[in-house]
Amino acid sequence: TSNNLNAIVASSGLLPTNQFMAVGDGGVAFTSPDGVTWTSRNTTVTQNLTGLIRGYNNQYLAWAANGSTVYSK
């Protein structure tokens, strides 16, 4: 991507193992099983995503500086 990536979470050792997620400017999001091969994911926001946490059962919550949030199911 040409967008800046602002946050990454690695869940190595958790279920499912070796799941990475990165988010960034323009609402971009990517996942990877190994940190090398990344898959683009759709989000519902266009703002710059600046934070990311991993929750229970491999769910993610990302947020933007303006208060917008997006989460995975």
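Where is Gln 19 found? Gln 19 sits in the loop between strand 1 and strand 2. Strands here are DSSP runs of E with at least two residues, numbered from the N terminus. Residues are numbered from 1 along each chain as its sequence is written, and side-chain values use heavy atoms, leaving out hydrogens and water. The model is predicted, so local features need pLDDT of at least 70 and side-chain atom pairs count only at pLDDT 80 or more, while totals for chains, interfaces and linings use all residues.

Gln 19 counts as buried because its relative accessible area is 17%; buried means under 20%, exposed over 50%, and partly exposed in between, with a 1.4 Å probe and protein chains only. Leaving aside neighbours within four places in sequence, Gln 19 is in contact (heavy atoms within 4.5 Å) with residues including Val 9, Thr 31, Asn 58 and Tyr 60.

**Paired strands and their turns**

Let us follow the chain through its hairpins. Two strands pair if DSSP finds at least two bridges between them. Strand 2 and strand 3 run antiparallel, joined by 4 bridges, and Ala 22 stands opposite Phe 30 in strand 3. Strand 3 also pairs with strand 4 (residues 39-41) in the antiparallel sense, over 3 bridges; here Ala 29 has Arg 41 of strand 4 as its bridge partner. Strand 5 and strand 6 are antiparallel too, with 5 bridges, and Gly 51 faces Trp 63 in strand 6.

| Hairpin | Residues between the strands | Residue with positive phi |
|---|---|---|
| Strand 2 and strand 3 | 4 residues | Gly 26, about 75° |
| Strand 3 and strand 4 | 6 residues | Gly 35, near 80° |
| Strand 5 and strand 6 | 5 residues | Asn 57, about 60° |

In a regular strand the side chains alternate between the two faces of the sheet. In strand 3 (residues 29-32), Ala 29 and Thr 31 point one way, Phe 30 and Ser 32 the other way, and all are buried.

**Inside the fold**

The largest nonpolar core has 12 residues, among them Ala 7, Val 9, Met 21, Val 23, Leu 52 and Tyr 60. Such a core is a set of buried Ala, Val, Leu, Ile, Met, Phe, Trp, Tyr and Cys residues joined through side-chain atoms within 4.5 Å. Strand 1 (5-10), strand 2 (20-24), strand 5 (49-54) and strand 6 (60-64) each give two or more residues to this core, and the largest share, 3 residues, comes from strand 6.

Val 23 is found in strand 2 and counts as buried because its relative accessible area is 1%. Not counting residues up to four places away in sequence, Val 23 touches Leu 5, Ala 29, Leu 49 and Ala 62, among others. Val 23 and Asn 4 are 19 residues apart in sequence, with their C-alpha atoms 8.6 Å apart in space. With residues up to four places away again not counted, Met 21 touches residues including Ala 7, Phe 30, Trp 38 and Tyr 60.

**Out on the surface**

Which way does Tyr 56 count, buried or exposed? Tyr 56 is exposed because its relative accessibility is 75%. Tyr 56 has its place in the loop between strand 5 and strand 6. Its C-alpha atom is separated by 21 Å from that of Asn 42, 14 residues apart along the chain.

Ile 53 lies in strand 5 and is partly exposed, with a relative accessible area of 43%.
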